[in-house]
Amino acid sequence: MVYASHSPKPLEKSITNLKLQAMKAQGEKFVTVALYDAPMAAMAERSGVEVVLVGDSLGMTVLGYDSTIPVTMEQMIYHIEAVSRGNKKSLIMADLPFMTYATPTQAMENAARAMQAGAHMIKIEGGSWLTETITMLADRGIPVCAHIGLTPQSVNKLGGFRVQGRTEEKAQELFDDAKKLEAAGADILLMECVPADLAKKITEALTIPTIGIGAGRDTDAQVLVINDILGLTPIPPKFSKNFLVETTDIPGALAKYVGDVKNGVFPSNEHIFE
Ligand code: KIV
């Protein structure tokens, strides 16, 4: 299906994780936006954004911190509640912030808080060390998105916000992690800042959908942060794009992003890591 750019196409039905799996099976891309408040959440629903992510990036985009590390569970709950008041049809995914899922029990307690605040799925950052946690959450009815590659909560360990999986050994490690996370019960895999070829290989090897940010054009979905889509970021990352410059208003910018992802126009070569 070809989507007309600029003209918002509202979601008709509520989006579930089964719907996202069906979209992967049919080769239809879905669109995710990280956003933090009720009016933007409502605009995303009206623009056909299937998944809204209440990201802990709010530490930087809204609260003025240098990283996601200071973000608390209370701050996440405040924003999850706001987003869920504004949007009744997109699937609402929410980050568990730094050190709120260091053990499986802690993860279960904080995931329950996020779900009771309005999330439909939680997102946690990390590789194979998360398998026990993911199985525990899945067994208790909590859908999980596992986030690998550049995991911003580990920025101090990674030595900066840099592309991951560039050596053969690191690429194999990410591939193996992806398979283990799926086997543990993850519903979605999100890959941030990994070479496009690796993201493609992982996407093809998994049955669950993948979402990419700086991970090339072959993932099953794309995610961008609303501040980047609207040109609010002083030094935008290479993988992002300001869609507002090509339109006249916020719904138009969101519709352009949705259309460009679905039609395979975004990301283009300038947004991709080789
Ligand atoms: O917190 C966030 O917004 C994210 C996206 C950048 C993927 O994790």
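Start by selecting strand 3 (residues 91–95) and strand 4, which pair in the parallel sense over 3 bridges; two strands count as paired if DSSP finds at least two bridges between them. Strands (E, at least two residues) and helices (H or I, at least four) are DSSP runs, numbered from the N terminus. To get from strand 3 to strand 4, the chain passes through helix 5 (residues 104–117), and this β-α-β crossover is right-handed: with the strands pointing away from the viewer, the path from the first strand over the helix to the second runs clockwise.

The model is predicted, with pLDDT of at least 70 needed for local features and 80 or more for side-chain atom pairs, while totals for chains, interfaces and linings use all residues. Residues are numbered from 1 along each chain as its sequence is written, and side-chain values use heavy atoms, without hydrogens and water.

Next, select Lys 123 in strand 4, with Asp 95 opposite. The bridge partner of Lys 123 in strand 5 is Cys 145. Strand 5 (residues 144–149) runs parallel to strand 4, and 4 bridges join them.

Last, go to Leu 63, in the loop between helix 3 (58–61) and helix 4 (73–86). Leu 63 counts as partly exposed because its relative accessibility is 34%.

Terms used. Buried means under 20% relative accessible area, exposed over 50%, partly exposed in between (1.4 Å probe, protein chains only).
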